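Let us read this model together, one feature at a time. Please keep the sequence and the structure in view.

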Amino acid sequence: MAITIEAPRLVKAAPLLKAQNVSKTYGHVQAVKNVSSEVFPGEVLGIVGESGSGKSTFLRMLNLEETPDSGSYTLDLPEVDGNLFDLDRFARRMLCAKRIGIVYQNPHLGLLMKHSSSGNVAERLLVAGERRFSVLREKAQEALEASEFPVDRLDAPPIELSGGMQQRVQLAKAIALEPALLLLDEPTTGLDVSVQALVLDTLKRLQQERKITMVIVSHDLGVIRTLADRVMVMRRGEVVEAGLADQIFQDPQHAYTQQLVHAKL
Amino acid sequence: MSLSTLTKDWEPMSYGFLDPSAKREIRRKMLKAVAVPGCQMPYASREVPMARGWGTGGLQVSLTLINPETTVKVIDQGADDSVNAASIRRFLARVSGAPTTLDTLDADLIQSRHRIPEEKLREDQVLVLQVPNPEPLRPVQPNMSIARQMHADADYGRMWLQLYEQIVRSGRVMQGASYPSMVNGRHVMTPSPIPRWDVPKLHMAKHLTILSAGREKRIHAVPPFTRVEPLVFDDVPYKVEEHGDLTCVRSGAKGFFMNEIPQGDGSSTYEISDSEFGVKSIKQTEGTDTIFGETWYKNGEMS
Amino acid sequence: MTTVLEVQSLTKGFTMHHLGNHLAAFDQVSFNLKAGEFLLLKGQNGAGKSTLLRTLYRSYVAQSGKVIFHSQHGAIDLLSAADVDITMLRREEIGFVTQFLVARPRVSAEALVAEPLRMAGETAEAAMDEARKWLSAFGVKEDLWRAYPTTFSGGEQQKVNLARALILPQKLLLLDEPTASLDVKARAALVARLAQLKADGTAMIGVFHHPDDVAHLIDRVIDLTPGLENEEREDVVV
C-alpha cells in the first residue's frame with residue numbers, strides 16, 4: 001500500500017505554474033502524454049529523461065513556442081488569466097518577453113550571433129517597450145554582470161565567444177527583465193566540464209539571490225541534482241515518477257528511474 | 001444603334017498608357033494605403049516601358065493619377081534635368097497630354113526619386129516617391145511572412161536593436177537614407193531613400209505622399225496631416241545632415257540640403273540638391289522677379 | 001515537554017526492479033519524541049539505522065505508517081506531506097547532519113556555512129560573522145575559510161559540513177554518524193553544540209558509531225536489530 005502524497009498544507013502560496021494534462025502528438029508519435037505539474041514560487045523543478053522522452057517539447061510548450069493538442073497551462077501572475085495556450089500570438093509574445101526567460105542548449109536559437117552581446121540582452125528590454133538608450137545599456141550591463149559575463153566583452157558578438165560565454169549571454173537575456181519563470185533547456189550540455197560547473201554555479205547563485213522559479217530540463221542527472229528541489233522523470237512522453245530531488249536520486253521507485261540513476265557515472 | 005456607335009473607336013493605347021483595369025487596381029490600393037497610413041499594400045505592378053528599379057512603381061501611380069489638367073513635375077535626387085527625370089517627365093506628358101513644369105509651386109503632381117522639394121507642398125499637391133525596398137524590416141527579418149506578422153503585431157523591437165547596434169559600434173546612428181519612421185504611431189515604414197533631412201518634412205505635412213515600389217509590388221502612403229516620426233531612442237535625439245550652414249557655390253542659397261562636389265585639392269564645394277530652387281535663387285540674384293514658396297527649413301533649421 | 005515527533009508503525013523496504021526482489025529494511029517501528037530529547041538508534045550494520053533517518057527526512061519513501069511532525073505551523077504527516085511542505089520544513093525546522101559534505105564548486109567554506117542563516121532571512125554580514133564563529137569553534141583553520149571546500153581533506157570537509165548543519169537551531173535534528181572522521185577538538189565542539197541545542201529544546205535522533213562521546217546526552221535508545229520484539233525496541237532507558 002503506497003502512501004499518497006497530499007496537497008500542500010504548510011505552504012500557503014499558490015503554485016506559480018500549473019500545467020494540467022498536457023498532450024502533444026507529432027503525426028503518429030505521442031511526444032507528450034497527459035503531463036501535469038505544479039511549480040511553486042522560488043522552486044526549481046528538474047525534468048530528466050533520455051532523448052525523445054518529451055521533456056524538451058514540454059518545456060517549449062511552457063515557453064508558449066509550441067501549442068499542445070490538449071491541456072491547460074496557467075501562471076499565477078496578475079496580468080494573465082486562464083489557459084495560456086489559448087492566448088493569441090500577440091499576447092503570447094508579450095507574456096514571454098516580460099515574464100518568461102529561456103536558455104536553450106543551442107545558443108543559435110536564443111541569440112543573434114552577429115549582434116553585440118549587450119544588444120542581445122537589450123533586445124528583450126526593447127520588446128518590452130524600453131526606448132532609452134542609456135537605460136538599455138545600463139540594464140544590459142547589469143544583467144550580463146549578474147551572469148558573470150566579463151564587462152570588457154560587453155559588445156563582442158556571441159559568434160566570437162566561447163560556448164560557456166554564449167550561455168551567459170543567453171542567461172543575461174533571460175533574466176534582464178527579472179522574469180517570473182526561467183526555463184532552461186539543457187543549459188550546460190556540450191560545455192567542458194569545468195565551464196559546466198561555472199555555469200551551474202552562476203545559475204545556483206542567481207536562483208538563491210533572486211528566488212527565481214525555474215524549470216530545468218536535462219539528461220544530465222548531475223545538473224539536475226545540483227539545481228533542482230524537485231524532479232520529474234519522463235519517459236516516452238509520460239511522467240513515470242516525480243518527487244523531491246534527493247528522494248528520486250537516493251530511493252527511486254520506478255524501474256526506469258532506478259535504471260537511470262544507476263546508469264549515472 | 002449598333003455596337004460601333006456605343007463603343008469608342010479602337011485606339012493603339014489607353015489614355016495614360018495603363019489600361020483601365022490596372023488603374024482601377026492601383027486606385028483601390030492607394031485608397032487602402034491612405035486608409036491605413038504606412039501599411040504596405042500589395043499590387044500587381046504592370047509592365048511599363050522602363051526597366052524595373054528605375055521608378056516603375058512611381059510611374060504607375062503617376063499614370064493613374066494623371067489627367068490632361070494635371071501639371072507634372074519629375075525630379076531625380078532633387079534635379080529636374082537628370083536623364084531619368086527628363087525621360088519620365090516626357091513620357092508622362094506624351095501619354096496624357098498633361099502640362100509639365102519645373103517649379104514646385106506650379107505642380108499638381110510631383111514624382112520624385114530620393115528627395116522632397118525644399119519648398120513646402122500644399123493640400124492640393126500630391127507627392128509620389130519611388131521606392132526600391134519598401135520593407136523596413138528586411139534588414140532584421142529576411143523572411144517576409146514573418147516580417148508581415150511583425151508589422152501586424154507592431155513588433156518593432158528589432159528596429160531599435162539595429163539603432164542600438166549602430167550606436168554601440170560607431171558611436172552614432174549610421175542610418176543615412178531610408179530612415180525607418182513610425183507612421184501615425186502604428187506602422188513603421190521606409191520613407192524611400194530620402195535623406196534624414198527630408199523625413200521631418202513628411203510629419204504633419206499638408207500634402208498627400210504616395211510611396212510605390214514597382215519591383216517589390218507594394219504601395220504605402222502618408223496621408224495629409226499624419227504623424228511621421230523617425231525611430232529614435234528617447235535620450236538620443238534625431239539628427240539631420242549638417243547642411244544648415246552650407247552655401248551653394250552656384251546659387252548662393254544657404255541652409256538647404258546640398259550635394260557635395262569633391263575638388264582636386266581634396267576640399268569640397270557644395271551645390272544645392274533641389275536644382276529648381278537653385279535656379280530660382282540665381283534668377284533672383286540676377287534681378288529677375290522670382291516667386292519663392294515657403295520653405296520647410298528656414299536658416300538651416302526645420303521650422 | 002511537548003511532543004515533536006510521533007512515529008507510528010513505520011515500515012520501509014527497497015524494491016530493486018533490475019534484480020526483481022524486495023529488501024526489507026525495518027518493519028513497524030513506532031516511537032514518540034519530545035522537545036529536547038535525544039534518541040540513539042542502535043543495531044548492527046544493515047539494521048536500517050541510517051535508512052530510518054532518511055525515511056524520516058523523506059529522502060527515502062516509506063511503505064506504510066505515519067510520521068506526525070508537530071511543526072510551528074501545525075501537525076503534519078511527513079510521509080504524505082507535499083514536496084513543497086517538506087522543502088519548507090527542511091529549510092526551517094528539520095536538520096540533517098551526514099558524514100558527507102555536498103560541496104558546490106566555487107562556494108567558499110564560510111559562504112557555505114552562512115547559507116542556511118541567509119536563507120532564514122539573516123543579513124549577509126551577520127550570517128557571515130556567525131559562520132566564521134562556528135568554523136572557528138569546529139577548528140577549521142582561518143586560512144581555509146575563504147577557500148573552496150571541494151578541495152579539502154575529508155576531516156576538514158566534515159567540519160564545514162557540521163558547522164553548516166548546526167548553525168541554525170532546528171526543531172528536529174537527524175544525526176547520521178556526525179563524529180566519523182573527526183579529530184578530538186572538533187568532536188568536543190560538536191558535543192558541546194549538541195548539548196546546547198538540546199538544552200534549547202531541539203529534539204534529536206542520532207546514529208553514532210561510538211556513542212560514548214554523546215553518552216551523557218542520550219535519553220533513550222532504540223535497537224533496530226531484526227528479530228527483536230517491538231516492545232523491546234521501544235523506550236529502552238540507558
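**A covered helix and a chain contact**

Q: Which residues of α3(C) are buried?

A: The structure is a predicted model. A residue is called buried if 20 or more other C-beta atoms lie within 10 Å of its own. In α3(C), this applies to C:Ala109, C:Glu110, C:Ala111, C:Leu112, C:Val113, C:Ala114, C:Pro116 and C:Leu117. The helix spans residues 109-119 of chain C and is mostly covered, with eight of its eleven residues buried.

Q: What covers the buried residues of α3(C)?

A: To answer, one looks for residues in contact with the buried ones. The cover includes α4 (124-137) and α5 (154-166) of chain C.

Q: How many residues of chain C are in contact with chain A?

A: Two residues are in contact if their C-beta atoms lie within 7 Å. On this basis, 26 residues of chain C touch 28 residues of chain A. On the chain C side, β4 (64-71) and α2 (83-92) each give two or more residues, and α2(C) provides the largest share, seven residues. By residue type, that side of chain C has twelve nonpolar, eight polar and six charged residues.

Q: What does UniProt list for residues 17-261 of chain A?

A: A record can assign a name to a stretch of chain. The UniProt entry, which is unreviewed, lists "domain: ABC transporter" there. In the model, residues 17-261 of chain A are 40% helix and 24% strand, and the end C-alpha atoms lie 27 Å apart.

Technical notes:
Residues numbered from 1 in each chain as written. Chains lettered and ligands numbered in written order. Predicted model: local features only at pLDDT ≥ 70, side-chain atom pairs only at ≥ 80, totals over all residues. UniProt positions renumbered as here; feature names shortened; annotations may be inferred. Helix = DSSP H or I, 4+ residues; strand = E, 2+ residues; numbered from the N terminus. Nonpolar A, V, L, I, M, F, W, Y, C, P; charged D, E, K, R; others polar. Buried ≥ 20, exposed ≤ 12 C-beta atoms within 10 Å, placed from the backbone.
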